[in-house]
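Please examine the sequence and the model shown below. The paragraphs that follow lead through the fold step by step.

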Amino acid sequence: MLLSLSFSLERAPFELLETLSKRSEDIAAGLDDPTLTVGSVVLATCNRFEVYAETGQSRPEPVLARVAAVAGIDVTELEAAASSATDHDTATHLFAVAAGLQSAVVGESEIAGQVRRAHDDARARGTLTHDLEHLFRTATRTSREVGHRTDIRSAGRSLVRLALRMAEARVADWGTANVLLIGTGAYAGATVAALRARGAETVRVYSPSGRAETYAAEHDLVVVPQGGLAEALNAADVVIACTRAEEPVLTAELLRADAHETNERLLIDLGMPRNIEHAVSELPGIELLDLETVSKHAPVEELSAAAEAHEIVREAADEFSASRAERDALPALLALRTHVMGILEDELCRARAASQSAGPATSSPEYTAVSADYEAALRRFTGKLLHTPMTRIRTLGREGRVPAAAEALETLFGIETQAGGHTHSE
């Protein structure tokens with residue numbers, strides 16, 4: 001069974017999401033337990049935390065309890081914030097997430113990359129199964145199709161663009177503003193592009209992980225060297241933090257030591273977990289705009305584009321579920337083909353044996369050529385004879401009617417096959 005557990009800002013407090021995000025690697029390791037799951041993928045984004053697992057458990061509670069235990073969260077609190085789904089509903093949910101339909105800003109483009117990274121991380125950990133691989137590949141393909149067939153992403157603004165739009169009321173002139181960018185990850189690129197679209201000219205970049213120099217050279221930015229953060233903060237009018245650091249990069253203590261009377265600063269925190277300590281907002285001269293605030297001001301979705309995107313997601317989920325169901329028909333398909341091809345091979349063997357006992361005449365090149373032609377014709381005939389019943393068995397599988405196929409094979413051919421013998425955890 002495919003299972004998903006989802007925690008988003010719609011139901012979960014920001015602090016709970018932050019805790020889950022900080023413990024994402026530990027949670028992924030904790031789910032790598034054959035007594036609990038066959039495979040798993042952990043997705044941590046700016047406004048959600050999700051677990052996708054293939055499991056023999058019939059209910060989500062055991063997986064939920066493991067997540068709670070690893071994260072150090074009371075299981076009752078976690079359960080109250082969780083949304084769960086299985087199989088077809090899991091596919092529908094993930095495809096909608098990847099397409100940006102479950103984002104705070106509908107059509108958010110960054111989420112597709114985050115889904116791909118979660119997929120890659122699970123592959124690197126060795127926790128992917130056939131069905132999870134298929135699920136996440138289909139999610140990426142569906143996301144692309146939504147982008148190509150609808151205008152939802154051009155209508156919807158990403159979190160980066162929305163945050164900067166909210167900041168416009170506080171920034172008189174982007175062209176003269178001194179901007180400090182903290183981080184060089186996926187959001188950093190979108191941030192640089194959005195800043196330049198607004199005319200920002202002075203953008204410095206600092207990386208807690210030491211990648212600022214390379215990133216600055218690639219994006220024509222001013223590098224802030226290691227040890228130069230305090231000076232850069234002192235000069236900045238706007239600070240945008242978007243790193244994947246587990247702990248806040250900017251603390252109240254750091255900014256309190258740096259504070260002076262003449263410098264009012266806008267701090268934008270796009271990190272999950274927080275890149276900027278929330279207590280910073282209480283300091284004089286500092287205004288903090290974080291993900292929680294940005295998400296609350298997300299615009300209403302474009303209904304026409306969203307409706308078309310949801311239809312694409314539904315179609316993709318239906319096809320995904322049908323293809324999984326078709327796999328249940330494999331034992332019946334294999335049994336029919338083995339039965340018929342076995343009869344063919346037996347008859348061909350008898351024919352070859354008879355020709356060899358008939359004497360030297362049957363070994364002439366002309367006779368051999370005719371025999372080969374007859375054998376090829378019989379194989380083509382058998383293939384055509386099998387085509388319709390095998391196609392019909394696949395169709396029955398997609399319709400969830402594998403037992404009907406197994407019953408028909410036993411009735412017509414005396415073939416015994418285990419109905420629905422394939423399990424999705426194989």
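Leaving aside its neighbours within four places in sequence, with which residues is Leu-20 in contact? Leu-20 is in contact with Phe-7, Ile-27, Phe-49, Val-67, Ala-71, Ile-73 and Leu-78, where contact means heavy atoms within 4.5 Å. The model is a predicted one, in which local features need pLDDT of at least 70 and side-chain atom pairs count only at pLDDT 80 or more, while totals for chains, interfaces and linings use all residues. Residues are numbered from 1 along each chain as its sequence is written, and side-chain values use heavy atoms, with hydrogens and water left out.

The secondary structure of the protein chain comes to 18 helices and 10 strands; helices (H or I, at least four residues) and strands (E, at least two) are DSSP runs, numbered from the N terminus. Of the 426 residues of the chain, 47% count as buried. Buried means under 20% relative accessible area, exposed over 50%, and partly exposed in between, with a 1.4 Å probe and protein chains only. Among contacts between residues at least 6 apart in sequence, 72% join residues at least 24 apart.

In soluble globular proteins, nonpolar side chains tend to be buried together. A nonpolar core is a set of buried Ala, Val, Leu, Ile, Met, Phe, Trp, Tyr and Cys residues joined through side-chain atoms within 4.5 Å. The largest such core in this model has 60 residues, of which Phe-7, Leu-20, Ile-27, Leu-78, Ile-240 and Ile-268 touch the most other members. Helix H9 (residues 159–167) supplies the largest share of this core, 7 residues. A second, separate core of 27 residues includes Ile-111, Ala-139, Ala-309 and Val-313.

The strands can be considered next. An open sheet of 6 strands has the order S7-S6-S5-S8-S9-S10, with parallel pairing; two strands pair if DSSP finds at least two bridges between them. Strand S7 (222–223) and strand S10 (286–290) are the edge strands, each pairing on one side only. Strand S5 (residues 178–182) is mostly covered, with 4 of its 5 residues buried. S5 is joined by 5 bridges to strand S6 (residues 202–206), and the two run parallel. The bridge partner of Ile-182 in S6 is Tyr-206. From S5 the chain crosses through helix H10 (residues 186–197) to S6, and this β-α-β crossover is right-handed; that is, with the strands pointing away from the viewer, the path from the first strand over the helix to the second runs clockwise. S5 also runs parallel to strand S8 (residues 238–241), to which 4 bridges join it. There, Ile-182 stands opposite Ala-241. S6 is in turn joined to S7 by 2 bridges, again with the strands running parallel, and Val-205 has Val-223 in S7 as its bridge partner.

Which features involve helix H7? Thr-138 lies in this helix, which spans residues 130–149. Thr-138 counts as buried because its relative accessibility is 5%. Its side chain reaches the backbone oxygen of His-134 at 2.7 Å. Leaving aside its neighbours within four places in sequence, Thr-138 is in contact with Phe-95 and Phe-320. The C-alpha atoms of Thr-138 and Ala-316 are separated by 7.6 Å, although the two residues are 178 apart along the chain.

The structure holds 3 aromatic pairs. Rings of Phe, Tyr and Trp (its six-membered ring) pair if their centres lie within 6.5 Å; planes under 30 degrees apart count as stacked, over 60 as edge-to-face and the rest as tilted. Tyr-52 and Phe-136 form an edge-to-face pair, at 5.4 Å centre to centre and with 90 degrees between the planes. Tyr-52 lies in strand S3 (residues 48–54) and Phe-136 in helix H7, so the pair ties together parts that are 84 residues apart in sequence. Both Tyr-52 and Phe-136 are buried. The pair of Phe-95 and Phe-320 is edge-to-face because the ring centres are 6.0 Å apart and the planes lie at 85 degrees. Phe-95 in helix H5 (residues 87–98) and Phe-320 in helix H15 (residues 303–327) are 225 residues apart, and their pair links distant parts of the chain. Phe-95 and Phe-320 are both buried.

Definitions and conventions: Polar contact = N/O pair within 3.5 Å; in protein donor to acceptor, adjacent residues only side chain to side chain.
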